[in-house]
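This report describes the architecture of a protein assembly for a reader who is new to structural analysis. Please keep the sequence and the structure in view while reading.

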Amino acid sequence: MPTDAYVGGEPEETDQSVLDSVPISFEMLLLLPSIATLAVLSIIPLVVMIYLSFHEVNFTPVNEVIFLGFGNYTQMAADGNFWNSWRVTLFYVAGSLGLQLGLGILIAVMLHRVSRGENLLTSIIIMPMMIAPVVVGLLWQFLLDPSFGLYTYMLNQVGLFVDQPILANSTSALVSIIIMDTWQWTPLVVLIILARVKSIPQHLYEAASVDGATGITQFRHVTLPLLKPAIAIALLLRSMDLMRYFAKVFITTGGGPSSSTKVIGLYVYERALRFFNLGYGSATGLVLLIVTILMGLMFVETIMGGAGDE
Amino acid sequence: MAQIALNHVSKAFNNGSIVAVNDLSLEIEDEEFLVLVGPSGCGKSTTLRMIAGLEDPTGGDISIGTTRVNNLEPRERDIAMVFQNYALYPHMNVRENIGFGLRLSTDLSDADIEERVEDVASLLEIGELLDKKPKSLSGGQQQRVALGRAIVRDPEAFLFDEPLSNLDAKLRKQMRTEISRIQEQLGVTSIYVTHDQEEAMTMGDRIAVMNDGTLQQIGEPNEVYNHPANQFVAGFIGSPSMNTVEAEAVRRDGQTVLESVTSDAFTYDLDATGDTNADLPIEVGDRVTVGVRPEDVVLRAEAAAFEGQHHTTTVDVVEPLGSDNLLYFDVGSRTWTARVSPGFEPESGTSVHFSFPRKALYIFDEEGTTVESRNLADPAEARQVTHGDGGDGVVNT
Amino acid sequence: MSKSTASSGLPGPVRRYGPYAFLGVVAIWTLLPLFWMAISSLKIRRSMFEFPPTIFFDPTLQYYVDMFMGSNPVTPFLINSIIVALGTAVLSVSLGTVGGYGLSRLDLRGKKHLAFWIISTRMAPIVVVVIPLFYLYSYLNLLNTHLGLIIAHTTFNLPFAIWLMRSFFDEVPEALEEAARIDGATKWEAFRKVSLPLVWPGMGATAIIAIVFSWNDFIFALIFTSNATQTMPIAASQLVTQTGTLWGRVMATGVVILLPMVTFGVIVKRHLVSGLTMGAVKE
């Protein structure tokens, strides 16, 4: 058994810094201003939103808030436009993700293969990501204009969309906004995949070559499995952003023709802030929020292995 | 300069589910060089970090000098620490790295700081590196800068947290000597944490061996080596490790004999030399573990070379080290090692004979506590198992 | 290159130059709209609407001159954009640096949940944040103010800044701070004098990406601002009128909006992946 050892006297009063006297940890103290700010910026609006979703809010002729109970929610369940927007969103998100992922992997792998010009090429492909959605929307509207658009002209040359405005047809309008988003955001997928591809050790390929795997086989059995985490990150980041933003669609098609491109974000916006039905807009917005948060949860839990306690 | 004392210090993590350090009491004398040694996870680093103030103990008192420092911040403890990865500030050059502590904790003028930095740099022979960034230095140079940062503040104590483990073997030996030299020259109380028993043996005034958060033994290197408190210490200190075999004490022909448990590979007659075993606290029927240091094992090709008891075995592997050879062979289910002269290099598979003097024997009881440790004033005594003094004669055990 | 061995079945030149050809097409696909935008902003009205479109024309800077000197100049919009982008960047980066450091070093069992809550505030669809904020702003008189828009942009920039800065601080070994504390530093000094200087590049990247997000925002600006505080994207959208779109001005305004951001993007290229993935991907 250990014996007792010497115990010194208590120290004289030392210069305690102010930080030492605070009951919470130093780290928490530093985090507190951010938490407080975010709490104000997220919890209060959330509470307000939940509150609004059970009410009808009027601004004219007088400001008034009428309690509806679940009225907004029952109305939503029966609202064909609401469900239509989810259907459009599904096509929009699935189509964009598929295109961007396929192209993204292809471009990343090719970029990794070239020995020269990679730096210049990455500088070029990141450009669209930096551009304001409004500008992207206007630019594509300009390119697809039926009477003077460059892309319309090029398509006409191969016999497509002659005298058929591209953005006036339900299907081609939806495809157009998917391609527009793909033009802008495939680069992000490329960067994510490329970072991963670069980290695959060369000896794995050498080992695979020794085992007789080359070209496509090597890609399928060596590269692709190792890309899985990166693919998951890319998919979820992109899907969340596709749900969050709608400015490009708003500018280019405004949701038309006949609601064929009215993604859910745009739909909620219109209900709440164009027709000023804040109550109903809040109810539909909450559903959108829940769907997005669930996707975000998947992102943090499955891909990043938790937010990282260790 | 100051003594350091730990009084019943404990540290638990995760609300007590992991006990890193358990009821540790320890006194380090002024100017002493104490080495805390043990396998990874034994709590030695946690102990050091508690002394530094980087971890708060969950129980007990830590004193530096005449002050109980439990409630003091690291900066108020007047200690210096050298980290495993050196922890040099990457954005500062060597001069700023070494002077950082002085700038923060003293009122010295820039000129005074500069002078002390230069002094320390010349002591460590890094004067020409002062304007370089850590990134451009070699591992050994970074190590010197880290030492300089500790020395320049003239602290009450130095704390070393495995400072040499990132260096290659040759540099490690060189820095070992250097650290010892500087510590002696400056006379600063030092605590040095390592998992390397050789480092512990060569550097420490005293060694404290820890395992599973508990202090196993504290003592001078030779004391710990020759008289380990228990089987753990016996096995941990010394390289190659001590040879052991589990045995049972039996009476045979009026003699007390240790007989190996797993097979009949090994018996050792305790009474053979005629020495009295009266004070040996072993009863017939007791289970014990028998231990012998590799250098105490005597191996010969001919059975006739032994005068008294000996055993026959087969050589597994021979490892030539130049200065001597290591021979591996089986005793019961254990592999034993013997350190023999470089001239003795039998083929593997050869049958050989071995024995060891009664005085070289270690005996541990069932709890692992040492019952008897070797009693060789001079390790060369081991040679006397065999005939004559050249080692080729007949044994007189 | 050992990764494409001889037996992959494709003829050598295809394997060697194939990637370049493919990436060339990708580069054209990426740059063509931007190129078209740039030259359209230099075309006089008549040649802009020619069909088939023309590449050779007499360039004019008329639209750029009009943009600043003509009717409805963009100058006030530009100033508003700069005020708001800098405001939210300063707010987000300062809070985010301190908070990100706290989050990185925090030893707390619910840390994972805390971190997730922080980032979840950024995952919220824009419109979900807009609706209640609009309601609150109408009571707090924050509609049509710079501060209102700065706060609104902070809702998406702050959580992003915290996570990104946290990932930068995670790379600073804690031993450095411990060494500093033993050297005589308080915890604050260890943060301020040792860790902070090591994440300067990270802070710069965070600031630039926050500026890009704020500068490019349209929906918040559309809802929370009117005449006095509107930003550049609103200026661009207002050029689409009932009587027709002033495409020359649109293209010129677009160039003015995108040029600084594209420049920023190329500058922080190295940090862009970890920035846009909030530190989930490191290069």
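Which residue in strand 9 of chain B is the bridge partner of B:Val35? The section on the sheet of chain B returns to this point.

The structure discussed here is a predicted model. Chain B contains eight helices and 21 strands. Its C-alpha trace extends over about 80 × 45 × 35 Å along the principal axes.

Chain B has 397 residues, and 43% of them are buried. When the contacts in chain B with a separation of 6 or more are considered, 65% are between residues 24 or more positions apart.

## The two domains of chain B

Chain B is divided into domain 1, residues 4–236, and domain 2, residues 243–385. Taken over C-alpha atoms, the centres of these two domains of chain B are separated by 39 Å.

Where the two domains meet, eight residues of domain 1 of chain B are in contact with nine residues of domain 2 of chain B. On the domain 1 side, helix 8 of chain B (residues 231–236) gives the most, with three residues. By class, this side of domain 1 of chain B has four nonpolar residues, four polar residues and no charged residues.

## A mixed sheet in chain B

Strands of a sheet pair through backbone hydrogen bonds, and the pairing may be parallel or antiparallel. In chain B, six strands form an open sheet with mixed pairing, in the order 6-7-8-3-9-10. Strand 6 (79–82) and strand 10 (214–219) of chain B each have a single partner strand, so they stand at the edges and one side of each is left without a neighbour in the sheet. On average, neighbouring strands of this sheet are turned by 15° against each other, with direction ignored.

Within this order, strand 3 (residues 33–37) and strand 9 (residues 206–211) of chain B pair in the parallel sense, over four bridges. The opening question can now be answered: the bridge partner of B:Val35 in strand 9 of chain B is B:Ile207.

Chain C is divided into domain 1 (12–62) and domain 2 (68–276). The centres of these domains of chain C, taken over C-alpha atoms, are 32 Å apart.

Six residues of domain 1 of chain C are in contact with six residues of domain 2 of chain C. Helix 1 and helix 2 (45–48) of chain C each supply at least two residues of the domain 1 side. Helix 1 of chain C provides the largest share of that side, three residues. The residues of this side of domain 1 of chain C divide into three nonpolar, two polar and one charged.

How many residues of chain C are in contact with chain A? There are 88, and they are in contact with 83 residues of chain A. Helix 1 (residues 12–40) of chain C gives the most to this side of chain C, with 12 residues. The side of chain C that touches chain A comprises 61 nonpolar, 19 polar and eight charged residues.

With chain B, 15 residues of chain C are in contact with 18 residues of chain B. Helix 8 (174–182) and helix 9 (187–198) of chain C each supply at least two residues of the side that touches chain B. The largest share, six residues, comes from helix 8 of chain C. By class, this side of chain C has nine nonpolar, two polar and four charged residues.

Conventions:
Residues numbered from 1 in each chain as written. Chains lettered and ligands numbered in written order. Predicted model: local features only at pLDDT ≥ 70, side-chain atom pairs only at ≥ 80, totals over all residues. Contact = placed C-beta atoms within 7 Å. Nonpolar A, V, L, I, M, F, W, Y, C, P; charged D, E, K, R; others polar. Domains from an automatic or database assignment. Buried ≥ 20, exposed ≤ 12 C-beta atoms within 10 Å, placed from the backbone. Pairing = 2+ DSSP bridges. Axes fitted to C-alpha atoms, helices over the stretch in contact; angles between N-to-C directions.
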